[in-house]
Amino acid sequence: MKLMLINGPNLNLLGKRDKSIYGEMTLAQIESRVLEKAKDYPADVIFFQSNHEGSIIDFIQEQTDKCNGIIINPGALTHYGLSIRDALVDANLPTIEVHLSNIYARDEWRHKSIIAPICNGQISGLGWNGYILALEYLVDLLRDVN
Ligand code: DQA
(Lines give C-alpha, C1' and ligand atoms only; values in the text may rest on other atoms or scores of the structure.)
Protein backbone atom coordinates (compact mmCIF):
# COMPACT_ATOMS: atom_id res chain seq x y z
CA MET A 1 0.00 0.00 0.00
CA LYS A 2 1.27 3.42 -0.91
CA LEU A 3 -0.10 6.76 0.26
CA MET A 4 0.62 10.38 -0.67
CA LEU A 5 0.92 12.88 2.14
CA ILE A 6 0.64 16.38 0.71
CA ASN A 7 1.04 19.72 2.44
CA GLY A 8 0.14 22.99 0.79
CA PRO A 9 1.26 26.61 1.08
CA ASN A 10 3.18 27.85 4.11
CA LEU A 11 3.26 24.46 5.82
CA ASN A 12 7.01 24.34 5.09
CA LEU A 13 7.22 26.93 7.88
CA LEU A 14 5.79 24.70 10.61
CA GLY A 15 7.88 25.07 13.75
CA LYS A 16 8.27 28.79 12.96
CA ARG A 17 4.68 29.75 12.09
CA ASP A 18 2.43 30.80 14.98
CA LYS A 19 3.20 27.93 17.37
CA SER A 20 0.12 28.62 19.51
CA ILE A 21 -1.97 27.64 16.47
CA TYR A 22 0.17 25.13 14.57
CA GLY A 23 2.33 23.60 17.31
CA GLU A 24 6.08 23.31 17.79
CA MET A 25 6.93 20.57 15.34
CA THR A 26 8.54 21.17 11.98
CA LEU A 27 7.14 19.50 8.89
CA ALA A 28 10.20 17.24 8.75
CA GLN A 29 9.55 16.11 12.35
CA ILE A 30 5.89 15.41 11.58
CA GLU A 31 6.86 13.46 8.46
CA SER A 32 9.30 11.34 10.44
CA ARG A 33 6.57 10.51 13.02
CA VAL A 34 4.29 9.46 10.17
CA LEU A 35 7.06 7.33 8.65
CA GLU A 36 7.71 5.64 12.00
CA LYS A 37 4.03 4.75 12.30
CA ALA A 38 3.78 3.68 8.65
CA LYS A 39 6.65 1.21 9.13
CA ASP A 40 4.55 -0.75 11.65
CA TYR A 41 1.72 -1.45 9.22
CA PRO A 42 3.64 -1.56 6.79
CA ALA A 43 2.65 1.21 4.40
CA ASP A 44 4.74 3.36 2.06
CA VAL A 45 4.18 7.08 2.36
CA ILE A 46 5.53 9.63 -0.08
CA PHE A 47 5.69 13.22 1.08
CA PHE A 48 5.23 16.40 -0.89
CA GLN A 49 4.97 20.04 0.11
CA SER A 50 4.57 23.01 -2.18
CA ASN A 51 3.56 26.62 -1.98
CA HIS A 52 2.24 26.38 -5.55
CA GLU A 53 -1.16 24.99 -6.46
CA GLY A 54 -0.01 23.79 -9.90
CA SER A 55 2.91 21.84 -8.43
CA ILE A 56 0.54 20.05 -6.07
CA ILE A 57 -1.71 19.17 -8.99
CA ASP A 58 1.28 17.88 -11.01
CA PHE A 59 2.30 15.71 -8.06
CA ILE A 60 -1.21 14.27 -7.61
CA GLN A 61 -1.43 13.50 -11.35
CA GLU A 62 2.03 11.89 -11.43
CA GLN A 63 1.40 9.73 -8.39
CA THR A 64 -2.24 8.73 -8.83
CA ASP A 65 -1.58 5.42 -10.59
CA LYS A 66 1.19 4.51 -8.12
CA CYS A 67 -0.79 5.26 -4.95
CA ASN A 68 -3.83 3.92 -3.12
CA GLY A 69 -4.81 6.90 -0.98
CA ILE A 70 -4.18 10.55 -0.20
CA ILE A 71 -3.72 12.53 3.00
CA ILE A 72 -3.76 16.25 2.27
CA ASN A 73 -3.48 19.45 4.23
CA PRO A 74 -4.12 21.99 1.50
CA GLY A 75 -3.35 25.00 3.76
CA ALA A 76 -5.25 28.08 2.64
CA LEU A 77 -6.03 26.35 -0.68
CA THR A 78 -8.61 24.46 1.40
CA HIS A 79 -10.80 27.50 1.15
CA TYR A 80 -10.46 28.39 -2.55
CA GLY A 81 -8.29 25.85 -4.41
CA LEU A 82 -10.83 24.58 -6.92
CA SER A 83 -8.23 23.08 -9.24
CA ILE A 84 -6.86 21.00 -6.35
CA ARG A 85 -10.39 19.82 -5.72
CA ASP A 86 -10.72 18.82 -9.39
CA ALA A 87 -7.36 17.02 -9.29
CA LEU A 88 -8.48 15.05 -6.23
CA VAL A 89 -11.78 14.13 -7.91
CA ASP A 90 -9.86 12.98 -11.01
CA ALA A 91 -7.48 10.92 -8.85
CA ASN A 92 -10.49 9.07 -7.48
CA LEU A 93 -8.57 7.71 -4.48
CA PRO A 94 -9.69 7.58 -0.84
CA THR A 95 -8.70 10.98 0.55
CA ILE A 96 -8.55 12.50 4.02
CA GLU A 97 -8.24 16.24 4.58
CA VAL A 98 -6.17 17.20 7.62
CA HIS A 99 -5.80 20.51 9.43
CA LEU A 100 -3.54 21.09 12.37
CA SER A 101 -5.79 23.82 13.71
CA ASN A 102 -9.54 23.72 14.25
CA ILE A 103 -10.62 25.71 11.21
CA TYR A 104 -14.14 26.08 12.69
CA ALA A 105 -12.79 27.91 15.72
CA ARG A 106 -10.90 30.49 13.65
CA ASP A 107 -11.71 33.27 11.15
CA GLU A 108 -15.04 32.82 9.43
CA TRP A 109 -13.42 32.51 5.98
CA ARG A 110 -11.64 29.38 7.21
CA HIS A 111 -14.90 27.64 8.16
CA LYS A 112 -15.64 26.61 4.60
CA SER A 113 -13.58 23.89 2.97
CA ILE A 114 -14.18 23.34 -0.72
CA ILE A 115 -12.08 20.15 -0.50
CA ALA A 116 -13.85 18.34 2.36
CA PRO A 117 -17.05 17.49 0.43
CA ILE A 118 -15.08 15.32 -2.01
CA CYS A 119 -13.03 13.60 0.73
CA ASN A 120 -13.85 10.53 2.80
CA GLY A 121 -13.52 12.77 5.82
CA GLN A 122 -11.80 15.69 7.48
CA ILE A 123 -9.67 15.87 10.64
CA SER A 124 -9.36 19.38 12.04
CA GLY A 125 -7.82 20.69 15.25
CA LEU A 126 -5.94 17.64 16.50
CA GLY A 127 -2.48 19.00 15.65
CA TRP A 128 0.11 16.72 14.03
CA ASN A 129 -1.76 13.70 15.38
CA GLY A 130 -4.32 14.35 12.67
CA TYR A 131 -1.87 13.02 10.08
CA ILE A 132 -1.36 9.84 12.13
CA LEU A 133 -5.11 9.33 12.53
CA ALA A 134 -5.60 9.82 8.78
CA LEU A 135 -2.89 7.23 8.14
CA GLU A 136 -4.56 4.77 10.53
CA TYR A 137 -7.90 5.26 8.83
CA LEU A 138 -6.56 4.74 5.31
CA VAL A 139 -4.49 1.70 6.32
CA ASP A 140 -7.61 0.15 7.79
CA LEU A 141 -9.74 1.07 4.78
CA LEU A 142 -7.16 -0.31 2.35
CA ARG A 143 -6.38 -3.36 4.46
CA ASP A 144 -6.59 -5.74 1.49
CA VAL A 145 -4.34 -3.70 -0.82
CA ASN A 146 -0.70 -4.79 -1.01
C1 DQA B 1 -4.40 24.89 7.98
C2 DQA B 1 -5.63 25.81 8.16
C3 DQA B 1 -5.74 26.80 7.00
O4 DQA B 1 -6.85 27.66 7.20
C5 DQA B 1 -4.49 27.65 6.91
O6 DQA B 1 -4.56 28.52 5.81
C7 DQA B 1 -3.23 26.84 6.90
C8 DQA B 1 -3.13 25.68 7.77
C9 DQA B 1 -4.18 23.97 9.21
O10 DQA B 1 -3.45 23.00 9.08
O11 DQA B 1 -4.69 24.26 10.29
O12 DQA B 1 -2.27 27.17 6.20
O13 DQA B 1 -4.63 24.06 6.86
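Before the first entry, a term: I take accessible areas from the Shrake-Rupley method with a 1.4 Å probe. I also keep in mind that this is a predicted model.

**Surface.** I looked up the accessible surface of the protein chain and got about 7400 Å², with 47% of that belonging to carbon and sulfur atoms. Next I checked burial: 48% of the 146 residues count as buried.

**Charges.** I placed the 13 positive and 18 negative charges, and their mean positions lie 5 Å apart.

**Size.** I compared the radius of gyration with the globule rule: a compact globule of 146 residues would have a value near 15 Å, and the chain's 14 Å agrees with that. The C-alpha atoms fill a box of roughly 40 × 30 × 25 Å along the principal axes.

**Fold.** I counted 5 helices and 5 strands. Along the sequence they run β-α-α-β-α-β-α-β-β-α. I then turned to contacts with a separation of 6 or more, and 75% of them join residues 24 or more positions apart.

**Cores.** Which residues touch the most other members of the largest nonpolar core? I found L14, I30, V34, I71, L100, Y131 and L135, out of 25 residues in that core. At least two residues each come from β1 (2-7), α2 (27-40), β4 (95-99) and α5 (129-141). The helix α5 gives the most, with 6 residues.

Definitions and conventions
Residues numbered from 1 in each chain as written. Predicted model: local features only at pLDDT ≥ 70, side-chain atom pairs only at ≥ 80, totals over all residues. Heavy atoms only, no water. Helix = DSSP H or I, 4+ residues; strand = E, 2+ residues; numbered from the N terminus. Rg over C-alpha atoms; globule rule 2.2 N^0.38 Å. Buried < 20%, exposed > 50% of the residue type's maximum accessible area, 1.4 Å probe, protein only. Contact = heavy atoms within 4.5 Å. Lys, Arg positive; Asp, Glu negative; His and termini not counted. Charge placed at Lys NZ, Arg CZ, Asp CG, Glu CD. Core = buried A, V, L, I, M, F, W, Y, C linked by side-chain atoms within 4.5 Å.
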